[in-house]
Amino acid sequence: MSHISKIETLYKSLSAMKAGAKRLGWEFRTGQKTYAWFGRFVGDTPMPEGLTVDDLGKCDHAIRVPGAKYEIGICKVAGGYELRYDYFKPGGLNPEMLGKFSQAYAAEQLKSKAPMFGKRVVSEKVHTNGYVELELEGGTSW
Amino acid sequence: MVKKRIKVMISPTGEVTIEAIGYTGANCEEATRDIEKALGKVTEKKNKAERFAQGPKEEVKQGGGW
């Protein structure tokens with residue numbers, strides 16, 4: 001064994017985001033410019049850094065989660081994309097859902113990019129604790 | 001000999017842990033660099049003792065000099 005790296009997942013690929021949404025059974029809405037939210041900033045939580053009230057509810061693409069009233073907005077930013085959503089409880093979205101999306105995205109991004117690095121995914125498992133495990137082999141330095 | 005492979009664990013919150021298994025020396029970094037870059041930003045990197053292995057050590061002969 002050699003080393004272990006911990007990675008903070010960043011959204012860099014729109015196609016992997018689409019694949020991640022599909023993996024979860026969510027609907028990716030390409031080109032949808034607004035996402036459903038409460039509709040009015042009430043000031044009960046701090047405004048996300050770098051955003052103004054006018055930015056809320058606007059996006060470049062959106063995701064609809066079955067059973068949720070509100071939607072997830074996908075906004076193009078330098079170097080990739082970021083997610084925006086309203087976690088007001090009646091809207092039906094919560095941080096755990098966003099975590100699941102991040103997990104699904106990372107798995108799909110890895111499967112899509114591995115062949116470009118000369119590697120192949122030889123196994124994929126979902127553990128009972130919810131972790132997804134992928135094993136890769138191959139590569140030029142092998 | 002340990003087979004060279006890369007194990008990726010993704011938590012339900014989206015945190016990724018990449019483990020390079022069976023590598024030694026500089027190959028270790030090379031093996032995971034592209035994957036790390038494709039997934040996001042490295043927040044922590046921990047080396048394992050095996051990474052510094054230099055191959056089999058010469059046999060130490062004892063006796064005769066005591």
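1. Lys125(A) faces Glu133(A), a residue of β7(A). The two strands concerned, β6(A) and β7(A), run antiparallel and are joined by seven bridges. Strands pair here if DSSP finds at least two bridges between them. Strands (E, at least two residues) and helices (H or I, at least four) are DSSP runs, numbered from the N terminus.

2. This is a predicted model, in which local features need pLDDT of at least 70 and side-chain atom pairs count only at pLDDT 80 or more, while totals for chains, interfaces and linings use all residues. Residues are numbered from 1 along each chain as its sequence is written, and chains are lettered from A and ligands numbered from 1 in the order in which they are written.

3. Chain A contains seven strands and two helices. Their order from the N terminus is β-α-β-β-β-β-α-β-β. The C-alpha trace of chain A spans about 55 × 35 × 30 Å along its principal axes.

4. Of the 142 residues in chain A, 31% are buried, that is, they have 20 or more other C-beta atoms within 10 Å of their own, with C-beta atoms placed from the backbone. Among contacts in chain A with a separation of 6 or more, 49% link residues 24 or more positions apart. A contact requires C-beta atoms, placed from the backbone, within 7 Å.

5. Between the chains, 31 residues of chain A are in contact with 42 residues of chain B. On the chain A side, β1 (3–9), α2 (95–113) and β7 (132–138) each supply at least two residues. The largest share, nine residues, belongs to α2(A). By class, this side has 13 nonpolar, 11 polar and seven charged residues; Ala, Val, Leu, Ile, Met, Phe, Trp, Tyr, Cys and Pro count as nonpolar, Asp, Glu, Lys and Arg as charged, and the others, Gly among them, as polar.

6. Strand β1(A) pairs with β2 (residues 16–21) of chain B in the antiparallel sense, over five bridges. Within this region, Ile4(A) is placed opposite Glu19(B) of β2(B).

7. Which order do the six strands of the open sheet follow? The order is β6(A)-β7(A)-β1(B)-β2(B)-β1(A)-β3(B), with antiparallel pairing. At the edges stand β6 (119–126) of chain A and β3 (40–47) of chain B; each has a single partner strand, so one side of each lacks a neighbour in the sheet. From one strand to the next, the twist averages 20°.

8. Helix α1 (residues 27–39) of chain B lies across β1 of chain A and β1 (5–10), β2 and β3 of chain B. This helix runs at about 160° to β2(B), where axes are lines fitted to C-alpha atoms, for helices over the stretch in contact, and angles run from 0 to 180 degrees between N-to-C directions.

Technical notes. A residue is buried if 20 or more other C-beta atoms lie within 10 Å of its own, exposed if 12 or fewer, and partly exposed in between; C-beta atoms are placed from the backbone. Two residues are in contact if their C-beta atoms, placed from the backbone, lie within 7 Å.
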